[in-house]
Amino acid sequence: MSVSIMTQTEMEMSGANVSRHSRTVKRRQWGGLRQQCKLLGLFEIDQQHEFYSLTCMMKEGLCAAVQNTIDNPLPDELSEDDYNLEVTQIYKDFRMETYAGPVFATMRCSLGMTEKEYQHSLSSEGSYLQFISNSKSKADFFLTNDKRFFLKTQSKREVRFLLSNLRIYMEHLEKYPHSLLVKFLGVHRIKIPHQKMKYFIVMQSVFYPDDRITARYDIKGCEVSRWTDPAPEGCQIIVVLKDVNFEGQFIKLDHQRPWLIRQVELDTSFLQTLNVLDYSLLLAHQPLHQDERQSLSFPTLIMRTKKSVNAASSPTHPTTPTVPEVVAEEDAALLSSELNCATTECHITETHYGNGGTDNGSLTIENIANLQSSADLQVFQAQNRRLLPNFKNPLHVIDGAEQRYFIGIIDIFTVYGFKKRLEYLWKRLINPGRTFSTVSPPDYCHRLCQWVQDHTK
């Protein structure tokens, strides 16, 4: 289904009428600067930047696309038409298509974010940021000014792959609401006259908020080409390190380790069914502050438990958000009084969480039994849920005893086709006895799961 919406641009886009020659000169100057300085990290896209005009158009188109969702209530259940829907917005200097809008709006709702909140991040006055990484990908990476959402250009093939598998992707997230898979929030295409059309996706950033992150890693579970030179000490450049850089370190989760191992197994098994490989486990960490290591108050524990085991929540039913936002302490206290649990039951739970904070948000079946029915417990176990932190990015944040970890699985578009099979044979010849990224999906799945087993405590 295709719908066309005619819109009149209300503001002049700075640089939109610059000649193609002038844009090419600026692009060459910027590219030369990047090559000369070999910079990595985040850069503000100001008016002199090669992508300024493009990102201004993206912001305007995304603002209108989200407004269309705000003005049209979501369906109670998603239909085949929702998955096939294409909406075209036509402007003075460009046109933009939005694919499967109701599906991604439902996803956003299930993550506990409002459309106004999403719209504000995507179209705020602050400039987008360009992320220049050490990745071999030819894609362009942008971040919203608040660093909450990633925008990444994709090939037509990759977009088609995502849209063709969108329903089973949503079903996987419904079955396992605390999945570590990257959360896709929108798919779009922008067409500017005399330029090649660009497809791009909007994703929730795994590393949000990143203010205190001390190290970032891209893990594939192999060794060939998996080392990156770290940034010089004291340098503000953001460098994403790789597998070999992480050797000798561990993700220290204690009692939450089994949950992580199980969830990686579930997510990589799903990716195996899609016949994909070369995806990455993104990992970052930051030290916990002293107040973050303290034991949970009982009212907060109850609220987080209820939110985490809410079996009715679903990414395909927009009226019941899956993931909570930050919970106010007074709201948690109200919920505590509503539950009317027995004094002995409360004492058991408080004793478990009052041991100096070492449990730091864990959730055992014995604790939940005091708060939920046996049916809820069965769903909880089957869906591999955990006690989520009170964050705006709770699905990708896991607290250990001393470190807060950010973990997610990204780049899930590489299909194991003919070219990749040839690449596997070639790499096996030139890298005898060494592990490399291009292997069959079952082997890739098993190897990444083994990496998590070997590098967690």
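Helix axes are taken as lines fitted to C-alpha atoms over the stretch in contact, and the angles between axes run from 0 to 180 degrees between N-to-C directions. The structure described here is a predicted model. Its secondary structure comes to 16 helices and 16 strands. Of the 457 residues of the chain, 53% count as buried. Among contacts with a sequence separation of 6 or more, 75% are made by residues 24 or more positions apart.

An open sheet of five strands is found in the order β11-β10-β13-β15-β14, and its pairing is mixed. Strands β11 (240-242) and β14 (397-399) form the edges, each pairing on one side only. On average, neighbouring strands of this sheet are turned by 30 degrees against each other, direction ignored. The pairing between β10 (residues 215-219) and β11 is parallel and extends over three bridges. Within this pairing, aspartate 218 has lysine 242 of β11 as its bridge partner.

Two helices lie across strands of the sheet. Helix α9 (residues 257-273) lies across β14 and β15 (403-410), and runs at about 10 degrees to β15. Helix α16 (residues 441-454) lies across β10 and β13, with an angle of about 20 degrees to β13.

Strand β13 (residues 280-287) contains leucine 281. Leucine 281 has a relative accessibility of 2%, and it therefore counts as buried, the limit being under 20%. Apart from residues up to four places away in sequence, leucine 281 touches Tyr217, Asp218, Ile219, Ile407, Gly408, Ile409, Leu448, Trp451 and Val452. Aspartate 218, one of these residues, is also the bridge partner of lysine 242 in β11. The C-alpha atom of leucine 281 is separated by 10.0 Å from that of valine 182, a residue 99 positions away along the chain.

In soluble globular proteins, nonpolar side chains tend to be buried together. The largest nonpolar core of the model has 103 residues, and those with the most contacts inside it are Tyr169, Phe184, Ile190, Val202, Leu260, Leu271 and Tyr279. Helix α2 (residues 52-71) gives the most to this core, contributing eight residues. Helix α2 is mostly covered, with 14 of its 20 residues buried. From its first C-alpha to its last, α2 reaches 29 Å, close to the 28 Å expected at 1.5 Å a residue. Isoleucine 190 is in contact with Leu54, Met57, Met58, Phe94, Arg95, Met96, Met197, Lys198 and Phe200, leaving aside its neighbours within four places in sequence.

Helix α5 (residues 115-123) has Glu115, Glu117, Tyr118, Gln119, Ser121 and Leu122 as its buried residues. The elements that cover these residues include α2, α4 (101-110), β7 (149-154), β8 (184-191) and β9 (198-204).

A search of the whole structure finds 20 salt bridges. In one of them, glutamate 117 is joined to arginine 148, with the closest N and O atoms 2.5 Å apart. This pair links distant parts of the chain, 31 residues apart: glutamate 117 lies in helix α5, and arginine 148 in the loop between β6 (141-143) and β7. Both glutamate 117 and arginine 148 are buried.

A further salt bridge is formed by the side chains of glutamate 292 and arginine 404, at 3.2 Å from N to O. Because glutamate 292 lies in the loop between β13 and α10 (298-308) and arginine 404 in strand β15, the pair ties together parts that are 112 residues apart in sequence. Glutamate 292 and arginine 404 are likewise both buried.

Glutamate 423 and lysine 420 also meet through their side chains in a salt bridge, with an N to O distance of 3.1 Å. Both residues lie in helix α15 (residues 418-430), three residues apart, about one turn of the helix. An α-helix has 3.6 residues a turn, so residues three or four places apart point the same way. The relative accessibility of glutamate 423 is 24%, and this residue therefore counts as partly exposed, whereas lysine 420, with a relative accessible area of 17%, is buried. Salt bridges that share partners join Arg212, Glu292, Asp399 and Arg404 into one network.

How values were computed. Residues numbered from 1 in each chain as written. Predicted model: local features only at pLDDT ≥ 70, side-chain atom pairs only at ≥ 80, totals over all residues. Heavy atoms only, no water. Core = buried A, V, L, I, M, F, W, Y, C linked by side-chain atoms within 4.5 Å. Buried < 20%, exposed > 50% of the residue type's maximum accessible area, 1.4 Å probe, protein only. Helix = DSSP H or I, 4+ residues; strand = E, 2+ residues; numbered from the N terminus. Contact = heavy atoms within 4.5 Å. Pairing = 2+ DSSP bridges. Salt bridge = Lys/Arg side-chain N within 4 Å of Asp/Glu carboxyl O. Expected span 1.5 Å × (residues − 1).
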